[in-house]
Amino acid sequence: MSEDDRTRAMRSPGDGRPLPPRPGDGLRSGGAPAHRMPSGGPGAPTHKLPAASQVPEPPPGEPSRARSRVYGKQRSGSGPVKPLRGRRDEPREPRGPRKRVSGGTIVKIIAGLVVVLLVAAVGMFFWIDSRLAGIDGVLDDYEGRPADTPGTNWLLVGSDSRKGLTAAQRRKLATGRAAGQRTDSMMLLHIPEGSDRPTLVSLPRDSAVTIPGRGRDKLNSAYAIGGPRLLVRTVETVTGVHVDNYMEIGFAGFVDIVDAIGGVEINVRAAVNDPKAGLKLKKGTQELTGAQALGYVRTRKGGALPDFERTKRQRQFLGAVVKKAASPGVLLNPFTSIPLAMSATDAVEVDSGTGAFNMLSLGLAMGDSPVTTVVPFGGNEVIPGGGTAVKWDRTKALAIFNALKEDKPVPQDVLDAT
C-alpha cells in the first residue's frame, strides 16, 4: 500500500482537510466527493437539478420571490424560513405583571351575591306564606274568652289523621284504619317578650277537662266533637291562657318533614319493641327515619307511666326536628331547604291569621332550647261517658298557667315536681 493510500485510510471523512490527489483525479475542490461519481449508466441519479437558465423568471412588474425547498418539496410563500421557537438558547420575552383584582371589584362581587341571596330569601318567604293552609274561625272570639296577655302562646296539635296515606302506607306505618280524626298530642308553647327562655307544656290527651257545652270528658274528645275551634276554646277555658296561634300536623305530614331533613337524631333512653306502632329501636343515640320517628312519639311502651313518658318523647322529638331544620346545613342547602319548605307547608294547617313570619318566630323559639314540662297530674277521674281520664293537680297546674299569663318563668319547685 502506498503512502497516499495509508494517509487516506487514516483520515476520517469530513475532517475538513483535502485529501491528497491520486493519479488521474484531476482538479477538484476541497468539498468534492472522495470518489468520482458515475456520469451515467446503472446507478446514476435519476433526477437533475434544473440549470439556472431553466428557472422561470417572474413576470415583469412582479417582485421576485425567494424560493427554497423544505424537506425536498417546494416551499410556498415568499418570507424567509423562521426558526423553531422554544429552544433553550433563545431568550424568552419578559412577561408583564399579573393583573390583580382590585378591592372595589371584590366588594362589588360580594354585594351582588348578598343582593341575590336577599332576593331569593324574600321570594321564598312569600312563596311559603302563599302555601300555608289557613283554617277559618279557629281563634274567633267568644263570650268569656281570656284576655290577651304579654308574649305569644301557640297551641301545637299532632292529629292522628290518616289523610294522604294509602292503604300500603298505613300498613307500613302501623297507623291502623281508625275513622274520624283525633288529637294524638297537644302542647302549649309560650314565647316570652323578654329574654327568658320559651316554655313548652305538654297537655295529656286523656286529661279530664270541662268541654264547653259538653261537660266533663277527655281533652281529646273536644277535637273529635268540634274540631280545632272547640279544642282551642276548651284549652283556653281550663288554662286561662289566651291562644294567639294554632298549628296542626297529621301522620303523613309528620313523616314527610322528617324525611325531608334526612332524619332526626334521637337519644333513645330505653330499647323499644312495639309491633302496634311498627317500631323496634335499640337503646342509645341514633338517626330515625320519618316512619321510625312517628312510631317513637306514638308508642306507649316504656316507663311506669306510659302517657307521661309519651309526652316526654313528643317534646324531645319536636325539639330535635326543629333544631335540625333550623341548622345552616339544612337551611343553606337548596336540596334540603326547598323540599323541607314544601313538605312543611303541605303538612301543617294553621289558623287563618298565622303566616310565614309567625312560623319563623315559632322555629326560632323551638331552637332556643325551651323549658319543657307537662301538666302535673295525680290519680284518675271517672268521666260520665265511661272510662277514666287523667286528673290534674289543680294547684300545681295553675302555678304553671299563671306564670305563662304573667309572662314569667315557671317556678322551679313546680318544674321539679313534674
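Student: Is Arg315 buried or exposed?

Tutor: This is a predicted model, in which local features need pLDDT of at least 70, side-chain atom pairs count only at pLDDT 80 or more, and totals for chains, interfaces and linings use all residues. Residues are numbered from 1 along each chain as its sequence is written, and side-chain values use heavy atoms, with hydrogens and water left out. Buried means under 20% relative accessible area, exposed over 50%, and partly exposed in between, with a 1.4 Å probe and protein chains only. Arg315 has a relative accessible area of 10%, so the residue is buried.

Student: Which residues does Arg315 touch, not counting those up to four places away in sequence?

Tutor: Arg315 is found in helix H7; helices (H or I, at least four residues) and strands (E, at least two) are DSSP runs, numbered from the N terminus. Contact requires heavy atoms within 4.5 Å. With that sequence exclusion, the residues touched by Arg315 are Met187, Leu200, Ser202, Thr372, Thr373 and Val374.

Student: In the largest nonpolar core, which residues touch the most other members?

Tutor: A nonpolar core is a set of buried Ala, Val, Leu, Ile, Met, Phe, Trp, Tyr and Cys residues joined through side-chain atoms within 4.5 Å. The largest one has 41 residues, and the members touching the most others are Leu156, Val264, Phe317 and Val321.

Student: Why is helix H6 described as largely enclosed by the rest of the structure?

Tutor: Helix H6 covers residues 290-298. Its buried residues are Gly290, Ala293, Leu294, Gly295, Tyr296, Val297 and Arg298.

Student: How is the aromatic pair of Trp392 and Phe401 classed?

Tutor: Rings of Phe, Tyr and Trp (its six-membered ring) pair if their centres lie within 6.5 Å; planes under 30 degrees apart count as stacked, over 60 as edge-to-face and the rest as tilted. The structure holds 1 such pair. Trp392 is buried at 11% relative accessibility, and Phe401 is buried at 1%. The ring centres of Trp392 and Phe401 are 5.9 Å apart with planes at 45°, so the pair is tilted.
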